[in-house]
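Here is a short briefing on one protein model. Look over the sequence and the fold, then read the points below.

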Amino acid sequence: MGVNHLESLQDLYASHLYQTQNREKMATMTMKMPREEPAAVSHTSRYALPVEPQDNDTNSGPLLLSHGDPMGFKPFWRSVGDQCKVTFNSCDFMSYLTDVGKVCWFLEKDLEESIRKLHRTVGNAVTEDRYIVVGTGSTQLFQAALYALTTPGGPEPVNVVSAAPYYSQYREETNFLRSGLYKWAGDAYAFDTEGAYIELVTMPNNPDGQVREPVVVNRNDGKLIHDLAYYWPQYTPITTQADYDLMLFTFSKSMGHAGSRIGWALVKDKDVAIKMTKYVELNSIGVSRESQHRAAKILGVVSDSSQCIGTDFFRYGKSLMAERWTKLREVISRSRVFSLPKYIEEYCQFSREHTEPRPAFAWLKCNHADIEDLEIFMRGYKIMVRGGSLFGADPNQVRISMLGDEETFNLFLERLSSIKDTNDNNENCI
């Protein structure tokens with residue numbers, strides 16, 4: 001997200017095997033449906049690693065940098081010890097219900113309080129007069145938002161657009177359920193269709209880290225979803241409090257805890273919040289109460305430490321990302337093959353200093369005319385990335401995760417450094 005959005009690799013790999021074995025059956029079932037399946041929908045997981053010969057050298061295998069698994073933050077959470085420890089009794093949280101008097105009846109009170117406190121501390125979003133809807137990651141909330149903004153529907157599905165390069169999963173997630181309420185309509189820059197539409201605005205943008213504003217303007221028939229998954233101090237300067245009608249956040253990218261599967265939406269309109277809650281109710285009958293309490297504890301600890309002068313999570317995250325970007329730019333500066341975007345330094349209201357963005361992903365461009373598909377080329381060096389075409393961009397660009405563990409990141413730099421131009425006398429010349 002834009003907007004996160006990530007299952008465990010084990011589940012995804014199992015899903016990949018199942019879907020591959022049943023592809024013909026699924027194709028037959030699809031032919032019976034009244035609507036043609038959109039070409040953008042794929043039943044093959046992009047998270048499954050290619051089958052490689054087994055050897056004892058763990059440094060020679062493929063590097064999975066195609067997704068934002070935030071393992072780079074693990075050393076910090078290991079260092080806090082028992083400060084974030086949460087203990088449950090076997091009889092705790094047995095009920096579906098949390099507070100039936102609230103719009104989001106499955107939202108735990110301590111999580112709501114921790115979310116509001118964290119946003120006040122960081123200053124990245126307005127929470128006053130907002131309803132909070134919790135979801136199983138922001139992926140579920142994205143679907144809930146599409147449902148809420150298009151219900152009860154009309155004669156034609158509502159067009160969903162986002163400015164390219166857009167988050168690669170938007171297209172697939174929008175089309176996957178083949179809903180009659182909405183459909184993917186592509187690049188917002190090229191959108192000129194009359195009628196209702198939804199524009200997805202990711203800020204900072206995934207994949208290129210740039211600050212975004214809505215592209216479709218001067219129209220009264222559109223609605224906006226702001227995906228602010230990466231609007232946190234470790235990734236970008238906090239220049240203002242985001243104040244939009246519907247804002248999505250995720251525990252995965254804010255704190256690095258992807259496995260807890262917690263996301264939240266800040267929603268201005270009560271009716272929209274009610275419809276989003278209904279979607280989650282029908283989809284999963286709420287959200288894990290244990291995960292909510294774990295998230296509440298961690299968000300609370302971060303809020304407290306951020307108010308102190310001493311070490312805190314955002315300082316750690318900012319330092320980690322700055323160090324990685326410095327190392328990557330050093331490698332790129334010695335290469336005639338690749339280039340990276342440039343970012344503008346801005347004043348961060350949270351850290352009270354001027355700083356430039358340090359995005360969660362590197363948007364790498366290939367400057368070599370002989371390389372038409374950079375994703376395929378990188379696979380030759382066992383670097384697994386996402387190609388530009390998935391983001392509505394040129395295939396000579398790829399998105400590379402900067403969030404992995406230290407060993408993986410260092411191996412990536414080592415392999416990237418080995419790629420030389422034809423003018424260099426090296427066995428890895430292009």
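Helices (H or I, at least four residues) and strands (E, at least two) are DSSP runs, numbered from the N terminus. By that count, the protein chain has twelve helices and 15 strands. The model is predicted.

**The chain overall**
- The protein chain holds 430 residues, and 53% of them count as buried.
- Its accessible surface comes to about 20400 Å². Carbon and sulfur atoms account for 50% of that surface.

**An open sheet**
- Strands of a sheet pair through backbone hydrogen bonds, either parallel or antiparallel.
- Four strands form an open sheet here, in the order E9-E12-E15-E14. Their pairing is antiparallel.
- Strand E9 (338–339) and strand E14 (386–387) are the edge strands, because each pairs on one side only.
- Two bridges join E9 to strand E12 (residues 361–366) in the antiparallel sense.
- Phe-338 has Cys-366, in E12, as its bridge partner.

**Cysteines**
- Cys-366 is buried, because its relative accessible area is 4% and the cut-off is under 20%.
- Cys-84 has a relative accessible area of 14%, so Cys-84 is buried too.
- The whole structure contains zero disulfides.

**The largest cavity**
- Which classes of residue make up the lining of the largest cavity? There are eight nonpolar, four polar and no charged residues.

Technical notes:
Residues are numbered from 1 along each chain as its sequence is written. This is a predicted model: local features need pLDDT of at least 70, side-chain atom pairs count only at pLDDT 80 or more; totals for chains, interfaces and linings use all residues. Side-chain values use heavy atoms; hydrogens and water are left out. A disulfide is a pair of cysteine sulfur atoms within 2.5 Å. Buried means under 20% relative accessible area, exposed over 50%, partly exposed in between (1.4 Å probe, protein chains only). Ala, Val, Leu, Ile, Met, Phe, Trp, Tyr, Cys and Pro count as nonpolar, Asp, Glu, Lys and Arg as charged, and the others, Gly among them, as polar. Accessible areas come from the Shrake-Rupley method with a 1.4 Å probe; for residues, only the protein chains shown count as cover.
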